Amino acid sequence: MSGSNPAARLQQLFEGRRLTPTQRRIAHWMVRRAEDVPFLSSVELAELAGVSQPSVTRFAVALGFDGYPALRKHLREVAPTGSGAGGGDDAYNEYQQAVLGEIENLRHLADLLADPAPIERAGRMLAASRPLPVLGLRAASSQARGFGYFATKVHPDVRVLDEGGSMLHDRIDAARRAGATALMCFALPRYPKEVVDALGYAREQGLAVVSVADSAFAPVARFSDLLIPAAVGTGLAFDTACAPMLLGRVLLEAMCDDLPDAQARLEEFDARAVARGLFAE
C-alpha cells in the first residue's frame, strides 16, 4: 500500500472487499483510529468497535490474513517510521491535538482527491438534477444548509431538507415529481435513522444518491450511488467536520463546472447585491 497516511492505507486495504455489516463496523473504527490500530490487540479493537473478539479474527481472515496477529504485523510493517501510540502528541495540549487531527483529516482528503473522477461524476449528477434536493439532519444539517446556501447562487432550484419527521418523504416525493434525478446527502455521526430511511426511499423513487460521510463504511453507503468519505475530528467533546465542509465546497466547484450559466448567475447576484447595498464595505 502506498502513501504515508494511515487512514488512506487502510482504505486501500478494504477497497473491493465484500464485508458484512459487522466487518464494515470494524473497518470503520480502524480507519477512525488508524494511528493506533497497529498497536491494538484483537480484544481492544473488538471493544472499540463494539463487536466480539472472534468477529475481529474473522474480519482479518476475510482480508486474506491467517488471523488478526498477521494483520497487525502487516500494518506495523507498512506504518511510517516513528508512528505509533503516543507519536509525540505529549508535546501538544488537547486543543492543539484536535487541530492537528483535523489537519491530518484534510491531508487524507487531499490524497483522496488525487483521483478527480468521482468528484467530476458527482458534479455532473448534481448539476443535471432539476430540482436538486440536499439532505442533512442533526449534526449534518449545517453541512446541508451551507451547501444549499452557495448552490442556490448557481443552480436554478435547490431544496434543502434539514428537518426530519413525517414530511421528509413528502418533500422527496415533491422533488421527484418536479423532475429531480439526484439527491445530495451529508451524513455524519451519529447517523440519524431517518437519514438512512430517507435515502432508501429516495432510491426507491428512482433518485441517484451522492453522499458525503465520514467513512466509506457509514450506514448510508448501501443506499448511495456514489459516496465520498471525509473524516470528522474526534479529539473534542463534539466531533468537528472541517473535511466534510471542504469536500462540500469541492463538490460545489465540480457542479459549477457542469453548469454553463454558473458564472453568469454569480455575476448577476453580485450586481444585485451591490444595487441593494447588501454587504458592508
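I looked up Ile-103 and found it partly exposed, at 34% relative accessible area; buried is under 20%, exposed over 50%, and partly exposed lies in between (1.4 Å probe, protein chains only). The model is predicted, so I kept local features at pLDDT of at least 70 and side-chain atom pairs at pLDDT 80 or more, while totals for chains, interfaces and linings use all residues. Residues are numbered from 1 along each chain as its sequence is written, and side-chain values use heavy atoms, without hydrogens and water.

I placed Ile-103 in helix H6 (residues 94-112); helices are DSSP runs of H or I with at least four residues, numbered from the N terminus. With Tyr-92, Val-99 and Leu-100, Ile-103 forms a nonpolar surface patch of about 330 Å² accessible area together. Patch residues have over 30% relative accessible area and no salt bridge, with nonpolar side chains joined within 5 Å and like charges within 9 Å. A salt bridge is a side-chain nitrogen of Lys or Arg within 4 Å of a carboxyl oxygen of Asp or Glu.

Next I noted a negative surface patch of Asp-115, Glu-120, Glu-253, Asp-257 and Asp-258. Glu-253 sits in helix H11 (residues 242-257) and is exposed, at 51%.

Last I turned to aromatic pairs, whose ring centres lie within 6.5 Å (planes under 30 degrees apart are stacked, over 60 edge-to-face, the rest tilted). I counted five aromatic pairs. Tyr-149 and Phe-150 form an edge-to-face pair, 4.9 Å centre to centre with 80 degrees between the planes. Tyr-149 is partly exposed at 45%, and Phe-150 is partly exposed at 35%. Phe-14, Phe-59 and Phe-217 form one aromatic cluster.

Key: Accessible areas come from the Shrake-Rupley method with a 1.4 Å probe; for residues, only the protein chains shown count as cover. Lys and Arg count as positive and Asp and Glu as negative; His and the chain ends are not counted. The place of a charge is taken as NZ of Lys, CZ of Arg, CG of Asp or CD of Glu. Helices (H or I, at least four residues) and strands (E, at least two) are DSSP runs, numbered from the N terminus. Rings of Phe, Tyr and Trp (its six-membered ring) pair if their centres lie within 6.5 Å; planes under 30 degrees apart count as stacked, over 60 as edge-to-face and the rest as tilted.
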